[in-house]
Amino acid sequence: MYTPELAPLADSLLWSSMIAILPLLTIFLTLGVLRWKAHWAGLAALAVAILVAVVVYGMPAHLVALSATQGFAFGIFPIMWIVLNAIWLYELTVRSGRFEDLRLVINAISDDPRVQAIIIAFCFGGLLEALAGFGAPVAITGVMLMAIGFTAMRAATVVLIANTAPVAFGAIAIPIITAGNLTGIDYEHIGAIIGHQTPFLAALVPLFLVFLVDGKRGLRQLWPLALVVGVVFGISQFVSSNYLSVELTDIIASLAGLAAAVLMLRVWKPVGGQDALAKMAEERDADATSPSDAGADATSGTGPGSGSEVGSSQVDVQSPPRTGAALTPGRVFLALFPYLLVIVIFSASKLAGPLSTWLEATDITIPWPGLDGNVLTADGEVTTSTVYALQWLSSPGTLLLITGVIVALVYRLSVRDAVDVYLTNVVKLRYSILTVAAVLALAYVMNQSGQTITIGTWIAGTGAAFAFFSPILGWLGTAVTGSDTSANALFATLQQTAAENAGLDPALLVAANTSGGVVGKMISPQNLTIAATAVGLVGQESAIFRKVIWWSLGMLVALCLLVGLQSTTVLSWMIPVQ
């Protein structure tokens, strides 16, 4: 039976933390500096984590191996299971030719790519995050942006940065509910505090997206719409999380933001849309002729958004949107059908009590053989992380599979076509599957050997100043695992204990852990791989990482300042009383 030590190296928490952080530094160095492909970066970091666990922490080698295998299995199911089926659903629309109609539907709202980025990546992506999470929003909105003319790199960057503010309340507020269950703090109170933090990010994210698509010119021309959508989304998050329902917060906010965009576009038309379209066309042409790796990957058919041939049909998803063809109500409905069906199925599975209960009852818990019962927490308690949950029916991936089957039937695709598309995707995703599985294996080895808790305890030792640093733990946990829920599972109780020892509000710091996680998701190797796979930039995760890391760090600093001030008399009035 293995019990991790908090300070295994020279009995020093500082030196132990410096060693424990080496796997994370390996990820950042290999991706951000050495520009390795993501699967090699993930495997290298996993090797470092295994070495630290065995040599420094003294974890038996067979338990380290079993921890890695459990993480590897979790990376495949449910994480890549979700991504695989999300992209398959998209590919079915391509094979049927209905995605061309979706282009026209989106253009009917606005043919301005800056507006489309807000509607698709922020509003629709937020709705998908509310219902599914776990990478599905990034995968689906990434290919949608590619299909309407975005370059691969720009689409990946936009969807990763858009997938921030909704994350805390994602998957029907699972991160917040998890934090409440672990700490004993009312999760509705935690959600109310988060509703005083993430709306500030939500108000700004559409502005960031406009800047990413069209630079300063886009900001000058489109700031009224971006600000209105962001503010409406943020206010809706605040109102819902504090006065309506924590679980429904992102659903309400996303629909409110989308309604605000549509209503404003009826009375106000932004200028410069054609210039933005011309700029995107030039970028596509440059990508098509560029000898760089990114350009080659984007045009060589390495991903579902690459315009590669799929079976007997070929759709150039990087070609400019067509605007001349007339749309009938039937064509509009069939173009929107897959996404309306996603909303219906996920809403029913999460919000319909009897169905939700039945689906959860089908989950199978598997104590990981040889590991469960042989690994304790640093406090000497039995850990629950060694139990693997096989959500074979309730998983968002399975729900997406069911959605895809229905879509294939409605679109009258043959079984042969649907299976061919699926198998083609499995082959395309092989390196992405390896990357995500390796990163999750890394996370499990770091968590169960004690490396993660060592780092967290060291950061928590800053006393009252810890309030300023508390979001960093959530950021770190989400960056490693790709999940705000997992970040709360790692650090929620640590945040609570540190707050009590420092005389701070435990609920504030637990909320800060969740809020910090929302800006860490964009740099998670798992999410980077999902974005790269969706837009056809497999192997270019390091390039995407360099595009988004500074946005992540900038928003993290702002969040640290906000939480720090909320812990003092300066902004303590913002925190709701339980």
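Helices α4 and α19 cross in a right-handed way (the near helix is turned clockwise from the far one by less than a right angle; helices are DSSP runs of H or I, at least four residues, numbered from the N terminus). This picture comes from a predicted model, where local features need pLDDT of at least 70, side-chain atom pairs count only at pLDDT 80 or more, and totals for chains, interfaces and linings use all residues. Residues are numbered from 1 along each chain as its sequence is written, and side-chain values use heavy atoms, with hydrogens and water left out.

The pair packs at about 135°, the axes 7 Å apart (axes are lines fitted to C-alpha atoms over the stretch in contact, and angles run from 0 to 180 degrees between N-to-C directions). The contact splits into 16 nonpolar, 6 polar and no charged residues (Ala, Val, Leu, Ile, Met, Phe, Trp, Tyr, Cys and Pro are nonpolar; Asp, Glu, Lys and Arg charged; the others, Gly among them, polar).

What about α19 and α24? Their axes come within 9 Å and cross at roughly 170°, so the two helices are roughly antiparallel. On the α19 side sit S432, T435, V436, V439 and L440, facing P525, Q526, T529 and T533 of α24. Here the tally is 4 nonpolar, 5 polar and no charged.

Technical notes
Angles under 35 degrees count as roughly parallel, over 145 as roughly antiparallel, 65 to 115 as roughly perpendicular and the rest as oblique. Contact means heavy atoms within 4.5 Å.
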